[in-house]
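Good morning, colleagues. Please look at the sequence and the structure as they come up on the screen.

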Amino acid sequence: MRLDPIAAPSPARTLGLPALALGATVLVAMGLALIAGADPLATLGLIARGAAGSKFALLETLNRATPLIFTGLAISVAFRARLWNIGAEAQLYAGALVTVVIGTQLGLPGPLALPLMALGAVLAGALVLLGPVLLKTRLGVDEVVTTLLLNFIMALFISYLLEGPLKDPMGMGWPKSPALPRDARLPRIVEGLRLHWGFGLALLSALAVWVMQTRTTLGYEIRATGLNAEAARFAGIPVGRVLVKTALISGGLAALAGFSEVAGLKGNLTADLSPGFGYTGIVVAMLALLHPLGVVVSALFVAGVFVGADSMSRAAGVPTYIADILLATALLFMVLAILLTKVRVVRG
Amino acid sequence: MTEIIDILISASFWAAVLRIASPLIFATLGELICERAGVLNLGIEGIMVFGAFAGWMAVYAGLGLWPGVLVALLAGMAFGALHALLTVPFGLSQHVVGLGITMLATSSAYYAYRLALPEVTSPPRIDPFQPLHIPGLSDIPWLGQALFSQTALTWAAFGCAALVALVLYRTPLGLAVRAAGENPQAVEAQGLSVAAIRMGAVIVGSGLMAVGGAFLTMSAFSSFFFEMVNGRGWICIALVVFGAWKPGKALLGALLFAGFDALQIRLQQTPMGQLVPYQVFLMIPYVLSILALILMSRRAEVPAALMTPFNRGER
């Protein structure tokens, strides 16, 4: 078989195929429910109700979407430059770590502490990604493997700190950090509702990334580098420097997920702060076709699947891992569907 | 220093090196085959998880050990076929598809495990492969225990390395695989199908990755637990680079790596090791992998068409 580009794809093709991909994912969900001996339609209904069926469910989904918006943005910025940052998990933890250290060790008043915590987190995340990117631009070391391996190194480093220097003396022996003081936490958006300003910051970040990508020279350079690094270099774009800037932004965004989870939701640092937000960010970014505003929508969708599956699992007994399978299938179906909007499969 | 020497002269250390190297050898060879044909397979981590689960589950459900290995192999090949279909004829991003396959395979294994065993607190065990007694060799003092008291699956790993080297360098099929990764146009000019060669390589390679995973549950340990693969797949990708895409060197890399791993486990137990946080020891494999990548970066012998999709008729 052979792929021929389609000059002018019809709207039916451009919209229909991605819809078909989502439909196929729903079919997979029903199949998985059947395997588990549950009623497929009831399972779908339970997932939907668990994700958005009540005020509580909806707030839970928004909370879960918050770190995913940050990691999704981090991945989308990097992937656009064809910088394969698979280390958002490590950058998230670096951000969370610095947030806790500044918040608990310096004793600053809240209005001063919060911005410093955010800034420190961004710097830490940026630095964690800077290493692999310099190795890539200077020595040609593939960043996929280095960023992946850094996730494991960072997890062990955090585990060491939580059992050693950062361990909460009042934590009854649990490996967790001391809690942030009340005034060094992100306030709720509406008093009484469990949704913090981390969500607001995530929306603002999405807007800022969109402006950066569409209205600035850097955004143009990132796009050019991602489309064809050789051509970009030929056109006088300093590809190496663009990649470094991309890395700083990407790492910083991922770190904000850690900042927001610690300062907005958990209040302290534990080794299980992130159930893989860094990896799920890849799905979020790809489903959004790397568009920063799309990331918000896809993060809400992905968070809904997770929250809904959790709640469905308690009621119907289908394992929660159904959510991870669905997101992986959605990712694979979607990249295929997007390709087929642009090319036609020809025999021979 | 004396602690290190004590460790190095103990037979159990060398036996551990061979044992730790075995899953890495299988999976590194699998990745090497894919990459020699021009396809980066980031599905490796998830395929290892699924292989570990599938092989173990098959034995737990009543199959024999070798049929269990076969189940793992076939499951790996199935995920490989999906990877191959999306990356070869459709030419989709090998990064995205590979990570997607890792997520799909990992979560499928966890889902199936939870379905099969909803209520277990401690993972059930199977009777794993036992060390083979080789008459004569296994009875040699020290050497017998150090080198010749391994399970059949370890011997299979070494056999596999020899077989892959033989096929890759001494057969027309191997030539075609290498050419598909270096110069696909030339392969098409010979009247061969680049797509068929690459898909075949990815499917076979993925099968080997799954067997590497199965080694963990069927030979090294006797139960399946979450996160047991723990980045070994990513380490194998680094080992392929370290081995300069050559089976022999990759085998040596896996042994060297396993040596450091076996050493760090034993150093943790020494009085000196007690002074250092255990996390530092556990970091060593990952740090070493990054160092290996840096070390080899100057001597890149990467297949020229790695990660370049081939669309027939396009120039």
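What we have here is a predicted model. Its scores are ipTM 0.95 and pTM 0.95. For chain B, the average pLDDT is 93, and 99% of the residues reach at least 70.

Let me turn to the annotation. In chain A, the unreviewed UniProt entry lists "transmembrane region" at residues 12–36, 65–83, 90–108, 114–135, 144–162, 195–213, 279–309 and 321–340.

Over residues 6–27 of chain B, the model has 91% helix and 0% strand, and the end C-alpha atoms are 31 Å apart. Residues 147–169 of chain B come out at 83% helix and 0% strand, with their end C-alpha atoms 28 Å apart.

Next, the interface. Here 38 residues of chain A are in contact with 39 residues of chain B. On the chain A side, the elements that contribute two or more residues are strand 1 (2–5), helix 5 (110–139), helix 6 (143–163), helix 11 (277–287) and helix 13 (322–342). Which of them provides the largest share? That is helix 6 of chain A, with eleven residues. By class, this side of chain A comprises 30 nonpolar, five polar and three charged residues.

Helix 6 of chain A also packs against helix 4 (residues 88–105) of chain A, at an angle of about 30° and with the axes 8 Å apart. Helix 4 of chain A is therefore roughly parallel to helix 6 of chain A. The crossing of these two helices is left-handed. From helix 4 of chain A, the residues A:E89, A:A90, A:Y93, A:A94 and A:L97 meet A:L150, A:N151, A:M154 and A:I158 of helix 6 of chain A. This contact has seven nonpolar, one polar and one charged residues.

Thank you for your attention.

Notes: Residues numbered from 1 in each chain as written. Chains lettered and ligands numbered in written order. Predicted model: local features only at pLDDT ≥ 70, side-chain atom pairs only at ≥ 80, totals over all residues. Helix = DSSP H or I, 4+ residues; strand = E, 2+ residues; numbered from the N terminus. Contact = placed C-beta atoms within 7 Å. Nonpolar A, V, L, I, M, F, W, Y, C, P; charged D, E, K, R; others polar. Axes fitted to C-alpha atoms, helices over the stretch in contact; angles between N-to-C directions. Parallel < 35°, antiparallel > 145°, perpendicular 65-115°, else oblique. Left-handed = near helix turned anticlockwise from the far one by under 90°. pLDDT = per-residue confidence, 0-100. UniProt positions renumbered as here; feature names shortened; annotations may be inferred.
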